[in-house]
Amino acid sequence: MNPKRILVVGAGHVGLYAALRLSKKLSSREAEVMVVDPQPHMTYQPFLPEASAGNISPRHAVVPLRRELRRCTVVAGAVTRIDHSRKTATVQPIVGPTREIPYDHVVVAPGSVSRTLPIPGLHEHGIGFKTIGEAIYLRNHVLEQLDVAAATTDPQVRRQALTFVFVGGGYAGIEALAEMEDMARDALRYYPELKPSDMRWVLVEATQRVLPEVDRDMGAYTVQQLLKRDMDIRLDTRLESCVDGVVKLSDGDSFTANTIVWTAGVKPSPMLDATDFPRDDRRRVTCLPTLQVVDGDQVIEGAWSAGDCAAVPDLTKPPGNYCSPSAQHAVRQAQRMADNIVAVLRGREPVDYKHKHAGSVASLGLHKGVAQVYGIKMTGWPAWFMHRTYHMSRIPSFNRKVRVVVDWTLAFVLKREVVALGQLHDPREEFAEASRK
Ligand SMILES: Cc1cc2nc3c(=O)[nH]c(=O)nc-3n(C[C@H](O)[C@H](O)[C@H](O)COP(=O)(O)OP(=O)(O)OC[C@H]3O[C@@H](n4cnc5c(N)ncnc54)[C@H](O)[C@@H]3O)c2cc1C
């Protein structure tokens, strides 16, 4: 019997966990697990705010694919097309011509991208917060703004440099805002020219609350904490434009800012447009609770999906509800999906995915947090501690867990690192200048 090929598209939370489990459970005579991702690593996104704030080394918030997936074939490239009617994917390797890869089963897990709106100036001035590149750029950029503000004598330049706008009050936005402000406030101890009150941290949220993943009282607590830190929280407000860094809000206010971070939600990967998979009205791949792709009531044989790009019915809620885009679901769905693929390959029936969302934990900076897990509510230090222990237990591999704990310990003993490495964003500049002479 020829081994079946299982093609895993995307090695994020779903792809990495599914590939790991498949490669452990299936012998090489049964299946070849091939993983395609343009990045050489899986990004543990819940650690992006901590990596951005300098509590964790950026390298430790990602998991190297080749080190973890030793029993899989790893292809560095992007899947640009899937023709499931021919069970063939088109892959654009990071170098060279495209190639077609036939498969027996496909795991569709390219995740999501930032969901933006056609706001004037956003494309030119905004930045997302979904990748390790964005998190590290933002860290260097924010620290660089402190240097700009300290160096200038022009009050307008200083004000603009020290105004940081975050759009979207979900956990990604709130954690990014709170961690970055905490880091900048910490860094100011080395800037005698600047005071914390010179900084302006603005949150723009279109609805009347933040953190929709937790109860209203926990969202209100979070707003109170941010207000206590002198942040400017604008609920029920939308960003209307940011042309040339001039931020205009729907409440009529207008000011200039060098930093505009967009964290207002996600949408399924646009790569799905180049596939023949059925999609729902939010452009997600439609799935059964078994994680099999389904068209109406017709199961699409050999096609599986999960995570941010998939509409997976939430069996713990009334019909019509779907699992939220979260790491919590993605990782568990990946494991159920891998077990189901193994079951189907061995002639058994797949089992439904069912997990009651346990709640959320969010860090609001060092020693500050908010958590609601299995109905238990926590704030302050206990919530922050829970955030750290939970995510430390969740990041894949023993190697990463140890490195993250060492990073935290070093930052505790030696204080966190607050140096900007903005040169990383244009490393050839100096050499190009020298070689021009
Ligand atoms: C800042 C931040 C904080 C978060 N915090 C939490 C949290 O505290 N708790 C929680 O539960 N969730 C959290 N989330 C959400 C969680 O990270 C996502 O729901 C989860 O990553 C979804 O997993 P996924 O596998 O679907 O997508 P991802 O993990 O994003 O993986 C998608 C992968 O597909 C790859 N890919 C994309 N396009 C292609 C292509 N064409 N071909 C091949 N590969 C491709 C990408 O490179 C990536 O590796 C957070 C998200 C962010 C951004």
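The structure before you is a predicted model, in which local features need pLDDT of at least 70, side-chain atom pairs count only at pLDDT 80 or more, and totals for chains, interfaces and linings use all residues. Residues are numbered from 1 along each chain as its sequence is written, and side-chain values use heavy atoms, with hydrogens and water left out.

Let me begin with the domains. Their bounds come from an automatic or database domain assignment, which gives domain 1 as 4-114 + 266-346 and domain 2 as 132-264 + 359-423. Taken over C-alpha atoms, the two centres are 30 Å apart. Contact here means heavy atoms within 4.5 Å; on that basis 33 residues of domain 1 meet 31 residues of domain 2.

The size of an interface is often given as the accessible area lost when the parts come together. For this pair of domains the buried area (accessible area, 1.4 Å probe, lost on being put together and summed over both parts) is about 2700 Å², and carbon and sulfur atoms give 53% of it. Ser52, Asn55 and His60 supply 23% of what domain 1 buries against domain 2, more than any other three residues.

I turn to charge. A salt bridge is a side-chain nitrogen of Lys or Arg within 4 Å of a carboxyl oxygen of Asp or Glu. The rule finds 1 across this interface. Glu50 and Arg388 form a salt bridge, with their closest N and O atoms 2.9 Å apart.

The structure holds 28 salt bridges. In one of them the side chains of Glu301 and Lys87 meet at 3.0 Å, N to O. Glu301 lies in strand E21 (residues 298-305) and Lys87 in the loop between E5 and E6, so the pair ties together parts that are 214 residues apart in sequence. Strands here are DSSP runs of E, at least two residues long, numbered from the N terminus. Leaving aside residues up to four places away in sequence, Lys87 also touches Tyr103 and Asp104, among others.

Finally, the ligand. Tyr171 places a polar side-chain atom 3.2 Å from a ligand nitrogen. Ala327 takes part through its backbone, where an N or O atom lies 2.9 Å from an oxygen of the ligand.

Notes. Buried area is the accessible area (1.4 Å probe) that two parts lose on being put together, summed over both. A polar contact is a pair of N or O atoms within 3.5 Å; within protein, one must be able to donate a hydrogen and the other to accept it, and residues adjacent in sequence count only if both atoms are side-chain atoms. Helices (H or I, at least four residues) and strands (E, at least two) are DSSP runs, numbered from the N terminus.
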